Amino acid sequence: MSPASPWQNALVTGASSGLGRALTVWLTRRGVKVYAAARRTELLETLKAEAGDLVVPLKLDVSDADATFAAVAKLDAACGGLDLVVANAGVGEDTRPKKLKWESIKRMMDVNVNGATATICGVIPGMIERGHGHLAGISSLAGLMPLPMSSAYCATKAYLAMFLNSLRLDLEPLGISVSSIHPGFVKTESTAKNKPETMPFLMEADDAVDRIGKALLRREKVFTFPWQLSSLIGFASSLPRPIQAAALRKLR
Ligand SMILES: NC(=O)c1ccc[n+]([C@@H]2O[C@H](COP(=O)([O-])OP(=O)(O)OC[C@H]3O[C@@H](n4cnc5c(N)ncnc54)[C@H](OP(=O)(O)O)[C@@H]3O)[C@@H](O)[C@H]2O)c1
């Protein structure tokens, strides 16, 4: 029997695969009712069949930010209050300059920036009224360091971290926790296309989610992991800029 959690009703976006799916399972094992949102509802139905009736599938395309804001606000009112919202839905695409595709960059901004922001903002009025709640966003270690061929992805993840970290200043005094989560490489659909040797300290999704779930229980404000990659990034960030740039270019 898994330990109980402080949450009753959670919303997890991007729940049809990878981290979002594993986090949904992790939460339901702790008795949390999870509104599991994504576009591929057939995968959400399979998840419900596997994880049980605490999973409530929700069709949501977060790239439509206005509709997402409205859907989250409506859900918050209808379910009696969401006490955990995890903006997890995200896309990562290669942006090497010679093959630059505007659709790719726009998609990352629509999903990772506008979609995540609308997801979080939709529940803020309700949480303020109730005087409690927990907001979390799945950023990335890539949001803490410039990386080659990943300009738009790094920028969208840096945005999400800064949004959450600034939001915390306003919401913490009102009883609302805000967590910015920064995973390293995790085996999911989105990394399946990468060569394993390009992903140091690669984690299984269940392992990564166990670490994320426990960090959320501790109400960590900023959670970076695994420590090996996170320390490397910390070290690289402390290097003089020309040396840092030379080292980062070698990653191409
Ligand atoms: N895997 C890693 O190494 C890693 C590392 C750091 C951070 N992250 C971040 O972790 C999060 C989850 O990624 P993952 O690795 O688990 O990838 P994944 O398996 O590809 O899952 C991405 C999820 O996002 C959803 N999504 C994509 N576009 C959407 C849209 N327009 N509307 C609603 N949902 C949408 C997908 O659902 P549908 O397609 O069904 O809509 C899917 O459930 C992302 O924010 C990613 O940037 C991942």
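**Entry 1: a helix pair.** I start with a definition: a helix axis is a line fitted to C-alpha atoms over the stretch in contact, and angles run from 0 to 180 degrees between N-to-C directions. Two packed helices are described by the angle between their axes and the distance between the axes. I note that this is a predicted model.

I looked up α3, residues 65-78, and α4, residues 102-130. Their axes come within 8 Å and cross at roughly 30°. Angles under 35 degrees count as roughly parallel, so α3 and α4 are roughly parallel to each other. I also checked the hand of the crossing: α3 passes α4 in a right-handed one.

Next I listed who meets whom. From α3 come Ala65, Thr68, Phe69, Val72, Ala73, Asp76 and Ala77. They meet Asn114, Gly115, Ala118, Thr119, Cys121, Gly122, Val123 and Gly126 in α4. By class, I find eight nonpolar, six polar and one charged residues in this contact.

**Entry 2: the core.** Which residues touch the most other members of the largest nonpolar core? I wrote down Ala10, Leu11, Val12, Leu23, Ala36, Val85 and Val86. This core has 65 residues. Its largest share comes from α4, with eight residues.

I then picked Leu23 and left aside its neighbours within four places in sequence. Leu23 is in contact with Val12, Val86, Asn88, Val209, Ile212 and Gly213. Two of these names, Val12 and Val86, are also in my core list above.

**Entry 3: positive phi.** I looked for positive phi values in residues other than glycine. Phe201 has a phi near 60°. I found Phe201 in the loop between β6 (176-183) and α6 (205-217). Is Phe201 buried or partly exposed? A buried residue needs 20 or more other C-beta atoms within 10 Å, and an exposed one has 12 or fewer. Phe201 has 14, so it is partly exposed.

Arg219 also went into this entry. Its phi is positive, at about 55°, although Arg219 is not a glycine. Arg219 lies in the loop between α6 and β7. I read 13 C-beta neighbours inside 10 Å, so Arg219 counts as partly exposed.

**Entry 4: a cis peptide bond.** Which residues does the cis peptide bond join? I found Phe225 and Pro226, with omega about 0°. Pro226 is in the loop between β7 (222-225) and α7 (227-238).

Terms used: Residues are numbered from 1 along each chain as its sequence is written. This is a predicted model: local features need pLDDT of at least 70, side-chain atom pairs count only at pLDDT 80 or more; totals for chains, interfaces and linings use all residues. Helices (H or I, at least four residues) and strands (E, at least two) are DSSP runs, numbered from the N terminus. Angles under 35 degrees count as roughly parallel, over 145 as roughly antiparallel, 65 to 115 as roughly perpendicular and the rest as oblique. A crossing is left-handed if the near helix is turned anticlockwise from the far one by less than a right angle, and right-handed if clockwise. Two residues are in contact if their C-beta atoms, placed from the backbone, lie within 7 Å. Ala, Val, Leu, Ile, Met, Phe, Trp, Tyr, Cys and Pro count as nonpolar, Asp, Glu, Lys and Arg as charged, and the others, Gly among them, as polar. A nonpolar core is a set of buried Ala, Val, Leu, Ile, Met, Phe, Trp, Tyr and Cys residues joined through C-beta atoms within 7 Å.
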